[in-house]
Amino acid sequence: MIKVNPKIKVYRFNHEMEFPHYDTFEVEPHPGMTVLGALFQIQEKYDDSLAFRYSCRGAVCGTCAMLINKVPRLACRSQVEDLLKDKVPETVTDEDISRADEDISWNPEEEVLVEPLPHLPVIRDLVVDMDLFFQYYRLVEPTFRPAGPDPEKERLMDPGAVKELGVYANCILCGACHAACPVVGENPEYLGPAALAKLYRFYIDPREEEGDSRLEKGDILNGWWACESYGDCYRVCPRNVPPIVAIRQAINQLNKRK
Amino acid sequence: MIHHHDVIIIGGGLTGLRAALQIKDAGLDGAVISKVHPLRSHSVAAQGGMNASLGNVEGEGGVKDSWKNHAYDTVKGSDYLADQDAVELMCREAPRTVIELEHMGTVWSRLENGKIAQRPFGGAGFPRTCYAADRTGHNALHTLYENMVGREIPVYEEFYLTSLVIDEGRCVGCTALDIMTGEVHGFQARAVLLATGGFGRIYDRSTNALINTGEGASLALEAGAQLKDMEFVQFHPTTLYGTNILITEGARGEGGILLNKDGKRFMEGYAPRTRDLAARDVISRAMGQEIAEGRAYPGGYLYLDLRHLGPDKIRERLPGIRQIAMDFAGVDPIEEKIPVQPGQHYSMGGVDVGMGGATSIPGLYAAGECACISVHGANRLGGNSLLETVVFGRLVADKIIEDVSSINFTEEGPIKTAMINMDIKIGDILGREEGENLFQIREAMTRTMSQGFGILREKQEMQESLQEIKKLQKQLPRVSLQNSKRELNQALVRFLELEGMLLLSEAVARSAIAREESRGSHFRTDYPERDDVKFLKHTLIDLKDDEMRVSYKPVKLGMFELEERVY
């Protein structure tokens with residue numbers, strides 16, 4: 001159990017402000033309290049203007065990804081107690097992921113630092129503009145293209161193929177990988193791990209027509225080739241989707257054919 | 001700003017998206033309004049599956065499933081309150097609906113022979129539930145959204161429905177709040193489809209997403225439509241103790257069993273034949289009794305044991321459940337039992353619609369959980385809600401396509417007036433300087449509803465709870481918010497949600513008090529028997545001059561004779 005009441009240090013910004021700042025709130029803990037639960041407590045008890053997105057609160061809808069103790073994660077799945085216990089927070093490659101211009105310090109023994117997802121513009125507080133993220137998603141044309149006309153019944157599929165496909169179909173498009181990827185940070189035009197993993201999901205779907213059109217869709221400078229194999233995408237994914245594996249496989253296929 | 005579309009679809013879950021695809025394919029201009037990005041809709045959380053008599057897996061003794069078997073199980077599960085014509089339609093359409101999703105790209109789990117896999121579910125006589133591991137809703141919703149993207153169908157994301165616009169008795173559009181800017185937009189349409197989902201968040205222990213606040217149903221009631229069978233609220237037996245996140249019925253379909261404090265498989269005493277796979281209301285009631293009689297753990301939970309299934313089966317068939325149990329209860333089901341308790345799960349009641357999804361207001365349609373076409377009656381079977389969303393998303397869209405051919409756009413006047421009125425209302429809410437606390441009222445509401453209208457109900461307690469709800473309604477005009485800004489004001493959205501939820505709470509309360517019998521999910525300790533003579537009928541609620549009135553209409557029988565419901 002937590003002995004002192006934990007504090008949540010939250011990034012605050014709205015368009016009327018010139019610079020963002022941080023507010024610290026002391027929350028009343030209960031067993032299993034998540035960061036999302038703590039944010040609701042702040043909104044309901046102290047400041048109803050605090051803005052953050054939410055929906056399922058069960059780690060399946062992908063709405064509440066944010067930067068928590070410098071790591072992109074789902075607020076609903078991150079327990080405050082665990083974050084305090086992790087005296088040294090787990091790190092990703094880009095240790096300077098931050099929303100502030102200068103280094104922000106926090107006391108990990110009693111505080112949890114909550115910031116909006118990096119690599120996307122902030123609208124207000126913890127709410128970011130996901131437009132660019134979904135623009136790249138649309139760019140890979142994520143619509144099933146079956147090989148032939150629809151049969152009367154279902155197309156047959158090998159359970160093994162379903163298993164592999166399932167790994168990528170599990171993506172909830174929360175944006176955690178996009179926010180963690182150092183390449184996205186350097187090059188905003190990079191399609192990013194989520195869009196490429198989606199593209200790969202269609203590439204390996206055995207029901208689609210054979211051919212390289214899916215592979216070629218990502219065969220651009222800001223597609224497969226831009227990945228620098230940091231692997232942070234996989235490390236932060238709440239659903240264990242490995243975009244890095246998808247991208248490496250795609251590159252192997254392209255290299256074989258060239 | 002006023003937007004014009006042939007059809008406005010409110011809600012971006014499975015029903016809304018399926019309807020939008022159908023409308024686009026018919027060459028009409030449809031648009032979706034959703035309070036969240038469509039992929040964040042509650043449909044995404046559906047776990048276990050979708051029922052269809054594909055017959056890919058044989059039943060006991062090599063018998064093949066049929067739509068008639070499916071319909072029988074559904075009607076029996078409904079405690080004979082479902083309309084049998086609607087059930088027939090849904091069950092006949094089920095196989096083609098599962099296959100249609102497959103054709104659109106959904107990744108279903110497969111049998112060794114490559115066909116879509118099916119598993120047993122509660123209250124079903126056959127292994128009929130098609131599934132995608134325990135992420136069926138996720139797979140189906142992503143597929144439909146991917147097809148929306150392919151067809152470039154417009155979506156107004158993060159727009160909150162604020163009113164339905166009625167002109168000369170016809171629904172001609174709606175107003176909605178652009179949450180990001182705080183601006184009220186008008187939408188003019190030849191038809192409006194409500195696909196806004198359930199209202200589980202009127203209860204404090206619910207599996208529903210936090211966004212399931214039922215505004216489609218409450219605004220329809222305010223606009224003059226009727227609500228039907230609102231007293232029938234499903235409590236799911238297995239929600240995770242603490243957070244009430246759903247643990248799919250599929251876990252019991254795969255062989256999981258429920259145990260009380262003494263380690264006893266208590267369902268053997270309540271449903272000797274089907275035990276842990278009896279219908280949901282039967283199991284939730286049994287759990288309620290175990291808890292009431294002191295055979296549960298302190299705090300009111302029992303155990304769901306999956307350990308005997310073995311690590312491989314748990315990892316392959318129930319990976320999401322394992323993840324949920326580990327993330328939210330710190331329990332690995334491979335090694336430990338999962339602490340569970342019943343929790344609100346589904347709203348059988350909703351906007352009263354006929355077979356084509358039309359409400360009593362011309363131009364206004366409803367489908368999916370927000371509607372009551374009545375395929376679920378007094379108790380829904382697991383695996384039938386995903387089915388309903390996709391079947392009726394398509395069929396109601398077909399009805400709209402047919403109906404709007406003779407309807408033209410009218411003047412913008414009524415839309416403009418509605419926008420101005422909504423703008424004034426929002427200005428007033430934001431302008432209040434001091435007053436009652438929004439969140440305290442909401443907490444009092446959810447507590448009251450669980451107390452008075454939970455698994456076991458009784459007249460005195462229900463009446464006291466209704467009085468409490470009326471009291472809370474009267475506090476609403478005095479609520480003030482700290483945040484008076486228009487842009488991205490979530491307190492404002494939550495105030496508007498609460499207004500609607502208090503109305504729906506009253507509808508549930510009045511319907512439940514008036515029904516002096518026990519049927520399906522509605523169990524009265526003071527009237528413990530089903531009373532077909534007096535209550536084999538649907539409850540209707542309408543609202544006139546701020547007064548709710550209860551009336552009834554007959555159930556459509558026909559295919560199956562009334563029977564006592566034994567599992």
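Q: What domains does the assignment give for chain A?
A: Domain 1 covers 7-128 and domain 2 covers 131-257. Keep in mind that this is a predicted model.

Q: OK, and how far apart are the centres of those two domains in chain A?
A: Taken over C-alpha atoms, the centres of domain 1 and domain 2 of chain A are 28 Å apart.

Q: How many residues does the contact take from each of them?
A: It takes 18 residues from domain 1 of chain A and 18 residues from domain 2 of chain A.

Q: On the domain 1 side, which strands each supply at least two residues?
A: S3 and strand S4 (71-74) of chain A do. S4(A) gives the most to that side, with 4 residues.

Q: Let's switch to helix H1 of chain A. Which of its residues are buried?
A: H1 spans residues 35-45, and the buried ones are A:Val35, A:Leu36, A:Ala38, A:Leu39, A:Phe40, A:Ile42 and A:Gln43.

Q: What covers those buried residues of H1(A)?
A: The cover includes strands S1 (7-12), S2 (21-26), S3 (65-68) and S5 (111-115) of chain A, along with helix H2 (80-85).

Q: Nice. Now the two chains: how many residues does each put into the contact?
A: Chain A puts in 39 residues and chain B 44 residues.

Q: Which elements of chain A each supply at least two residues there?
A: Strand S6 (122-124) and helix H4 (159-169). H4(A) gives the most to the side of chain A that touches chain B, with 5 residues.

Q: How does that side of chain A divide by residue type?
A: You get 18 nonpolar, 9 polar and 12 charged residues.

Q: Last topic, chain B. Into what domains is chain B divided?
A: Domain 1 is made of 1-47 + 136-232 + 348-567, and domain 2 is 237-341. Their C-alpha centres lie 30 Å apart.

Q: How many residues of each are in contact in chain B?
A: 14 residues of domain 1 of chain B are in contact with 19 residues of domain 2 of chain B. On the domain 1 side, they divide into 6 nonpolar, 7 polar and 1 charged.

Conventions:
Residues numbered from 1 in each chain as written. Chains lettered and ligands numbered in written order. Predicted model: local features only at pLDDT ≥ 70, side-chain atom pairs only at ≥ 80, totals over all residues. Buried ≥ 20, exposed ≤ 12 C-beta atoms within 10 Å, placed from the backbone. Contact = placed C-beta atoms within 7 Å. Domains from an automatic or database assignment. Nonpolar A, V, L, I, M, F, W, Y, C, P; charged D, E, K, R; others polar.
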